[in-house]
Amino acid sequence: MKDNHAIKNPLEQYPQPPFSKQPQPVPGLASKMDPVPDHGEKTYVGSNRLLGRKALITGGDSGIGRAAAIAYAREGADVVINYLPQEQSDADEVIALIEAAGRKGYGIAGDITSKTFCDELVKQASEKLGGLDILVNNAGHQQAVESLLDITDEQFDATMKTNIYAPFWITKAALPILPAGSVIIATSSVQAYDPSENLFDYAQTKAANVAFVKSLAKQLGPKGIRVNGVAPGPVWTPLQTSGGQPQDAITEFGKKTPLGRPGQPAELASIYVQLADPQASYANGQIYGAAGGSGHP
Ligand code: NAD
Ligand code: MG
């Protein structure tokens, strides 16, 4: 990890399209992707920016949440990750990496489309960590469908429940135990600002995530709790390869950005660290873009 801070050309870093078609059933495993995403396993170097903090990250088994989990642990935080039971093998790798960083790492599997489970998740997470002061609502459901006529009620419901209800339920359960100085971080998307025609339901939820941040930041600022979000562009994760994009779009994924490639989860980790860091104490109600040069905000 020695040359981690050396100057690097972002055009020469990380895999470029074309990629192979690689369908997986939802929710997909990072370990089965080709190439396997880079979550910072070999590169992220911490400097105690989150020493002693207690973080719950939903969707922490893979993708952006996994990159945040690895970075948080290397910055000195203890971390609980939540994921679906089908993702246990990805989650096990993350927990091992958190422990290798010398921190406590716990996995709590379960489906956040259930309010009962969301309540239980927060309760168990705070018991394991001895409290909670970083909440990252990152889990997401995304399935591309060409026509609104083909979006089933089941899909619409799953997208809304995962991306809107779950952050509401989890945040509501966590709020009474979050001390002043805590942070809440949402993962929105460029889809909130420039929705694709085939992500009609998903894009609406990502816009809702922005409103979640903007409203709650005003409500909780006076309590000393900061609320911010990240709006990624195309990032190489199982969300995308397991139906988030049609397979034809996977082959060219990220090509249209000014960097000509998708982001890797590792490239977003430092943003999640920054938003949780007490040194960023005036960051509240902000959405940080991470889209490789195009997109919003
Ligand atoms: P990912 O598949 O690695 O992570 C999403 C996670 O959500 C899964 O690992 C899974 O554990 C979790 N999840 C989904 N449904 C769940 C449920 N019902 N119960 C519990 N957990 C559930 O993909 P990712 O791209 O890292 O996604 C993380 C976030 O980033 C999502 O909110 C997504 O909307 C957002 N995002 C991703 C991209 C991208 O290009 N990858 C772009 C913009 C925004
Ligand atoms: Mg996953």
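These notebook entries record what I looked up in a predicted model.

**Conventions.** I number residues from 1 along each chain as its sequence is written, and I letter chains from A and number ligands from 1 in the order in which they are written. In this predicted model local features need pLDDT of at least 70, side-chain atom pairs count only at pLDDT 80 or more, and totals for chains, interfaces and linings use all residues; side-chain values use heavy atoms, with hydrogens and water left out.

**Entry 1: two helices.** I looked up helix H1 (residues 63-74) and helix H2 (residues 88-100), which pack at an angle of about 15° with their axes 9 Å apart. I therefore record H1 as roughly parallel to H2 (angles under 35 degrees). Helices here are DSSP runs (H or I, at least four residues), numbered from the N terminus. Axes are lines fitted to C-alpha atoms over the stretch in contact, and angles run from 0 to 180 degrees between N-to-C directions.

I then listed the contacts (heavy atoms within 4.5 Å): Arg-66, Ala-69, Ile-70, Ala-73 and Arg-74 in H1 meet Asp-90, Glu-93, Val-94, Leu-97 and Ile-98 in H2.

**Entry 2: the metal.** I found the magnesium ion (ligand 2) coordinated by Asp-61 (OD), Ser-62 (OG) and Glu-87 (OE), at 2.1 to 2.2 Å. Donors are N, O and S atoms within 2.8 Å of the metal (3.2 Å for Na, K and Ca); water is not among the atoms, so sites may look incomplete. I noted the sequence spacing of the donor residues as D-S-x24-E. Asp-61 and Ser-62 are both buried (under 20% relative accessible area, 1.4 Å probe, protein chains only).

**Entry 3: Thr-159.** I located Thr-159 in helix H4 (residues 153-174). Thr-159 is buried, with a relative accessible area of 0%. Leaving aside neighbours within four places in sequence, I found Thr-159 in contact with His-141, Ile-164, Asp-201, Tyr-202 and Thr-205.

Terms used
Angles under 35 degrees count as roughly parallel, over 145 as roughly antiparallel, 65 to 115 as roughly perpendicular and the rest as oblique. Buried means under 20% relative accessible area, exposed over 50%, partly exposed in between (1.4 Å probe, protein chains only).
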